[in-house]
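Q: I have a structure open on my screen and would like to learn how to read it feature by feature. Could you walk me through it?

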Amino acid sequence: MTQYQVVHCTINGKSCEAVVDVRASLADMLRNNFRLTSVKKGCGVGECGACNVLVDGECFNSCIYLAVWADGKSIRTVEGLTGPNGELSDIQQAFIDEGAVQCGFCTPGFIMSAVEILESGKRYTRDEIRRQLSGHLCRCTGYENIINAVEKTMNRRLGGDE
Amino acid sequence: MFDFRSYAAAASVEDAVRLLAEKPNAVIMAGGSDVLIKMRSRDMSQVDVVSIYGLDELRGIRLEPNGDIRIGSLTSFSHIEHDETVNRLIPVLSQAAGTVGGPQIRNIGTIGGNTCNGVTSADTASTCFALDAIIELTGSEGVRHVPIVGFYLRAGKVDIRPTEIQTAVIIPRDSYENCFGHYQKYAMRNAMDIATLNCSVNVRLNADGAIERARIAYGVAGPVPMRAGSAEAAVCGMPAGEDAAHIFADAAIRDINPRDSWRASKAFRIHIAHELAVRGLTESMRRAGATI
């Protein structure tokens with residue numbers, strides 16, 4: 001079967017258009033049509049969180065989200081976090097500073113879940129951060145440094161104890 | 001790429017019904033977190049897909065004028081978990097929805113998909129059983145309302161007739177009013193896991209602090225979610241307290257029929273079922289104001 005559809009959407013703030021196979025996942029579309037390779041294909045079944053992106057402000061595993069469903073939606077990936085000259089955002093820098101990156105494959109997915117936490121403007125407890133990141137697997141770090149990076153960035157943004 | 005033979009996106013409920021009439025063997029896709037995974041593991045191939053994911057008219061939770069709570073079938077678990085009406089009137093459902101998978105799965109997964117998949121372990125299904133939910137189905141013959149107990153035919157098979165889609169899960173007023181509930185999921189991990197056993201209990205106490213009505217439903221205690229009627233009858237009229245919780249649990253395990261599987265043995269599931277019944281009723285009675 002070959003069937004194509006046009007998808008209009010906003011990606012990292014820019015209005016975009018792509019012709020996609022209806023069988024393609026959003027991860028396929030973001031990587032192949034737009035070269036957004038921060039979107040990693042890990043398990044392919046929604047368990048590891050490596051392909052996590054924001055769709056209209058909520059986290060979705062793009063490997064099990066159809067590309068055609070993105071029509072009319074606003075999608076954000078890690079590429080959209082950096083400044084005009086490639087400056088890192090606070091949460092990306094925090095992952096480096098805290099040693100929350102080792103092999104790096106899970107990092108973009110974790111960071112987009114962190115963005116949802118940080119932009120909520122709410123102060124999460126450590127347990128709540130842990131729960132909100134529970135849809136991601138990291139085989140290197142043991143998670144503590146990742147949670148530290150998110151917690152410290154949250155505290156810095158909200159003002160208060162680090 | 002997913003193994004579709006064809007793909008059609010419904011533009012409305014009527015359109016979905018029409019598309020299903022054209023393709024009687026089509027698979028209905030809500031959030032896709034069951035269907036797409038089955039395709040990936042080749043349990044499904046070359047399917048005609050009718051996607052209803054775009055039907056925003058099936059999203060959201062509404063308190064009807066008669067007091068019933070209407071949950072659109074495409075409402076995601078995270079929206080159910082955080083919904084104001086659900087948290088005020090049926091917090092036990094918020095609790096259940098919050099135990100599904102992880103955050104991304106709770107954003108894509110829907111209560112309609114959870115119940116239509118026909119799986120016994122579905123986290124929201126046991127609570128829907130315990131709250132006597134009514135399933136609303138819309139098809140070419142019109143709208144049908146089916147009590148959830150009758151909706152489940154056997155493992156993996158629910159009562160959806162050709163051309164029908166599930167459009168809402170309704171929690172009747174009498175079913176939740178003055179009731180207090182507690183949901184427990186027993187699994188090996190705290191997130192991203194399937195229940196070894198799950199249990200939803202709710203209770204209504206009368207003015208004297210006695211049990212007016214208690215209800216209990218299990219997931220993974222049989223091929224489909226189930227109520228434990230003997231337990232409910234055994235404590236009716238009893239004063240709220242520890243004795244009631246133990247009588248409740250002793251009766252509950254006589255009603256269930258869990259199986260041995262690689263996740264857990266039958267004996268272990270029965271043990272867990274007893275303990276969850278004690279804790280579930282105890283916590284429900286506490287929430288209803290009893291001192292235990």
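Q: How many residues of domain 1 of chain A are in contact with domain 2 of chain A?
A: Two residues are in contact if their C-beta atoms, placed from the backbone, lie within 7 Å. Here, 13 residues of domain 1 of chain A meet twelve residues of domain 2 of chain A. Strand β3 (residues 52-55) of chain A gives the most to the domain 1 side, with three residues. Helices (H or I, at least four residues) and strands (E, at least two) are DSSP runs, numbered from the N terminus. This is a predicted model, in which local features need pLDDT of at least 70 and side-chain atom pairs count only at pLDDT 80 or more, while totals for chains, interfaces and linings use all residues. Residues are numbered from 1 along each chain as its sequence is written, and chains are lettered from A and ligands numbered from 1 in the order in which they are written.

Q: Which residues touch the most other members of the largest nonpolar core?
A: In soluble globular proteins, nonpolar side chains tend to be buried together. A nonpolar core is a set of buried Ala, Val, Leu, Ile, Met, Phe, Trp, Tyr and Cys residues joined through C-beta atoms within 7 Å; buried means that 20 or more other C-beta atoms lie within 10 Å of a residue's own. The largest core has 149 residues, and Val50(B), Ile52(B), Phe248(B) and Ala273(B) touch the most other members. Helix α3 (residues 107-119) of chain A gives the most to this core, seven residues. Beyond its neighbours within four places in sequence, Phe248(B) is in contact with residues including Ala214(B), Val235(B) and Leu281(B).

Q: What is the strand order of the open sheet in chain B?
A: Strands of a sheet pair through backbone hydrogen bonds, either parallel or antiparallel. Two strands count as paired if DSSP finds at least two bridges between them. In chain B the four strands have the order β11-β12-β13-β14, with antiparallel pairing.

Q: Why is one side of β11 and of β14 of chain B left without a neighbour in the sheet?
A: β11 (180-186) and β14 (226-227) of chain B stand at the edges with a single partner strand each, so one side of each has no neighbour in the sheet. Seven bridges join β11(B) to β12 (residues 197-205) of chain B. Gln184(B), for example, has Cys199(B) in β12(B) as its bridge partner.

How values were computed: A residue is buried if 20 or more other C-beta atoms lie within 10 Å of its own, exposed if 12 or fewer, and partly exposed in between; C-beta atoms are placed from the backbone.
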